[in-house]
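Visitor: Please put the model up, and then let us talk through it.

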Amino acid sequence: MPMLEGVFVPHITSFDEDENINESVLRELVHHFINAGLNGLVSLGSNGEFPYLSFEEKLRVVEIVLDEAPSKVPVIAGATENSTRETLKLGKALLDLDADALLIGPPYYFKPSPEELFAHYSTLAEKLDGKILIYNVPKFTDLNIPIDIIERLAEEHSNIVGIKDSGANMGRIGELARRLGDRFIILAGTADIMYPSWVLGAHGAVVAVANVAPELCAELWKAFKEGDHRKARELQLKVNLLNEVVVKKYNQISAIKAAMEMRGLEVGRPRRPSLPLDEKALEDIESTLKEVGLL
């Protein structure tokens with residue numbers, strides 16, 4: 001299995017005018033991201049608009065990405081559903097397509113208790129024959145998975161191999177690294193803490209801005225690995241500015257797709273109910289892209 005370290009892009013899902021998956025654009029994007037130097041892809045993450053896709057569409061997206069990605073580049077597939085039963089159904093289907101690992105967030109409608117979370121992930125680990133990464137994303141789930149639960153899951157299930165933590169909390173990243181060390185893959189899930197999280201022991205990142213600036217993210221990882229901390233710091237601060245505008249300030253799906261279009265990638269609009277941004281927001285994004293040297 002390819003190494004799950006470095007910077008992964010939680011890639012968007014490209015749509016045509018009728019909101020159907022634009023398969024040819026999606027195929028081109030896989031090569032675009034790999035050629036930019038990214039270490040892998042995550043399909044069906046938040047930026048892939050997974051809650052808006054049908055079961056069949058989810059499988060098709062992953063099928064296309066796996067078809068285009070060279071075998072040495074890992075593809076992680078999102079398998080977040082609201083019930084354990086539906087998560088198992090999707091997870092099994094994605095593993096049957098040969099996804100390298102699954103990224104599974106907690107149920108996000110009814111809020112599960114810590115014990116319900118433990119039971120949910122334990123059942124998935126026991127019944128899915130593949131590697132699982134926990135997806136902690138309080139921004140969308142209004143739930144921060146307790147570190148105690150993560151530690152128990154890692155100790156009891158050898159196929160729960162890591163976490164994408166999008167809580168943007170350096171103290172939490174540090175505590176995960178302290179408790180679980182190198183036996184558990186820790187991936188930062190927010191772009192503004194990539195470099196500091198790696199210094200504390202995280203193994204990489206899965207970040208939305210990699211859709212817009214894959215070369216910048218790849219360069220940051222390279223600088224860190226080579227011990228060029230001055231360059232890493234400079235690149236991190238550029239990434240931070242971009243992240244503030246295309247991820248935090250507006251509807252991130254709409255903003256990321258708009259920024260990608262400005263950079264020459266015809267990815268289409270988001271699926272409704274998300275709407276394209278207004279002129280003022282587009283001007284803001286364009287000036288930010290210019291400021292960080294991407295236009």
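Guide: Helix α5 gives the most to the lining of the largest pocket, three residues. Helices (H or I, at least four residues) and strands (E, at least two) are DSSP runs, numbered from the N terminus. This is a predicted model: local features need pLDDT of at least 70, side-chain atom pairs count only at pLDDT 80 or more, and totals for chains, interfaces and linings use all residues. Residues are numbered from 1 along each chain as its sequence is written, and side-chain values use heavy atoms, without hydrogens and water.

Visitor: Which elements give two or more residues to the lining of the largest pocket?

Guide: A pocket is an open set of points on a 1 Å grid over the protein atoms alone, where a 1.4 Å probe fits, with protein on both sides within 12 Å along at least five of seven lines; lining residues have an atom within 4 Å of a point. The lining here has 20 residues, with Phe 140 and Ile 253 among those nearest the centre. The elements asked for are α5 (138-141) and α11 (252-262).

Visitor: Which element supplies the largest share of the lining of the second largest pocket?

Guide: This pocket is lined by 23 residues, and Lys 139 and Val 247 are among the closest to its centre. Both α5 and α10 (229-249) supply at least two. The largest share, three residues, comes from α10.

Visitor: Which residue in β3 stands opposite Val 42?

Guide: Strands β2 (residues 40-43) and β3 (residues 75-78) pair in the parallel sense over three bridges; pairing takes at least two bridges found by DSSP. Opposite Val 42 stands Ile 76.
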